[in-house]
Number of protein chains: 2
Amino acid sequence: MNIGETARASGVSAKMIRHYEHIGLIRESNRTFSGYRQYNERDVHLLRFIRRARDLGFSLEQIRQLLSLWDDPGRASSDVKHLAEAHIADLDARIAALSEMRATLVALAQACHGDHRPDCPILQGLAAPPDS
Amino acid sequence: MNIGETARASGVSAKMIRHYEHIGLIRESNRTFSGYRQYNERDVHLLRFIRRARDLGFSLEQIRQLLSLWDDPGRASSDVKHLAEAHIADLDARIAALSEMRATLVALAQACHGDHRPDCPILQGLAAPPDS
DNA sequence: CTTGACCTTGCCATGATGGCAAGGTTTATG
DNA sequence: CATAAACCTTGCCATCATGGCAAGGTCAAG
């Protein structure tokens with residue numbers, strides 16, 4: 001299987017497959033005589049794993065750890081759970097930060113009448129120190 | 001006022017002040033004879049504006065637009081409100097995406113007993129197509 | 001006059017991804 | 001067979017906002 005078909009089958013772009021190989025996230029693939037990368041179903045499976053972990057917001061470095069646990073038959077599930085929980089905490093922090101921005105911005109936008117007049121509490125709010 | 005003091009007063013790093021000048025977000029400052037950048041209170045005020053807008057998650061390009069509205073005495077407040085509401089929608093989308101990741105991950109983590117056993121639903125969930 | 005704190009420019013790095021270019025290969029079609 | 005289309009290769013540049021480092025100039029205090 002060439003890289004294009006592998007990309008379509010796994011949902012990971014050909015560009016990214018090469019990149020993951022380059023940074024050592026996946027092994028170097030076999031090549032045809034003319035240098036084309038060759039993949040099989042196992043590779044597609046692995047790339048799908050990576051793809052899903054990315055979709056859940058794991059970084060490539062975290063995925064590197066997940067993969068080593070995936071490969072390790074003697075892993076403890078607590079190791080995986082720790083990684084997952086740390087990532088949940090990270091997501092929580094990011095959600096909280098965005099929610100706070102949102103709340104501030106909504107408050108400013110509500111105070112703004114939003115018509116043709118130049119007077120605008122949003123700009124004033126940005127110009128003055130936040131009260132909170 | 002030199003750039004270091006300006007940075008402390010505005011909360012924008014000296015590095016970033018230079019960068020904002022470089023990309024044309026702020027005007028080139030006056031220089032002393034020996035080439036040191038000089039700033040005044042108005043500059044600090046402007047940089048604080050930028051800083052607060054960054055804290056609310058606006059991109060530098062969005063801030064560029066906000067600044068041109070800030071500078072324009074004849075602006076319509078609706079213009080500002082549109083920018084703000086577009087950004088709120090953007091924040092909403094990001095919060096929703098992160099929340100979805102979080103929910104999926106929490107479900108997987110709850111199913112994981114998290115002990116010494118190698119059996120782990122988190123890795124299985126990543127390896128298999130998501131049911132939803 | 002030396003030392004330390006400050007300033008200058010410029011290049012490199014981050015993280016994950018896309019784009020483009022120049023060139024080689026394979027496959028299908030006329 | 002010749003050619004075109006679709007594929008592959010490597011490599012460099014760009015994103016976005018920010019930090020770091022290096023080599024060198026400046027200034028103020030001791």
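In this predicted model, a polar side-chain atom of Tyr36(A) lies 2.7 Å from a base nitrogen of DNA strand C, a polar contact being a pair of N or O atoms within 3.5 Å. Local features need pLDDT of at least 70 and side-chain atom pairs pLDDT 80 or more, whereas totals for chains, interfaces and linings use all residues. Residues are numbered from 1 along each chain as its sequence is written, chains are lettered from A in the order in which they are written, and side-chain values use heavy atoms, without hydrogens and water.

**Contacts with DNA strand C**
- A polar backbone atom of Leu60(A) is 2.9 Å from a phosphate oxygen of DNA strand C.

- Sugar and phosphate make up 67% of the DNA strand C atoms that come within 4 Å of the protein.
- H2(A) gives the largest share of this surface, four residues, helices being DSSP runs (H or I) of at least four residues.

**Packing of H1(B) and H3(B)**
- The axes of H1(B) and H3(B), fitted to C-alpha atoms over the stretch in contact, lie 9 Å apart at an angle of about 50 degrees.
- The crossing of H1(B) and H3(B) is right-handed, that is, the near helix is turned clockwise from the far one by less than a right angle.
- Thr6(B), Ala9(B) and Ser10(B) of H1(B) meet Val44(B), Leu47(B), Arg48(B) and Arg51(B) of H3(B), contact meaning heavy atoms within 4.5 Å.

How values were computed
Near = heavy atom within 4 Å. Polar contact = N/O pair within 3.5 Å; in protein donor to acceptor, adjacent residues only side chain to side chain. Helix = DSSP H or I, 4+ residues; strand = E, 2+ residues; numbered from the N terminus. Axes fitted to C-alpha atoms, helices over the stretch in contact; angles between N-to-C directions.
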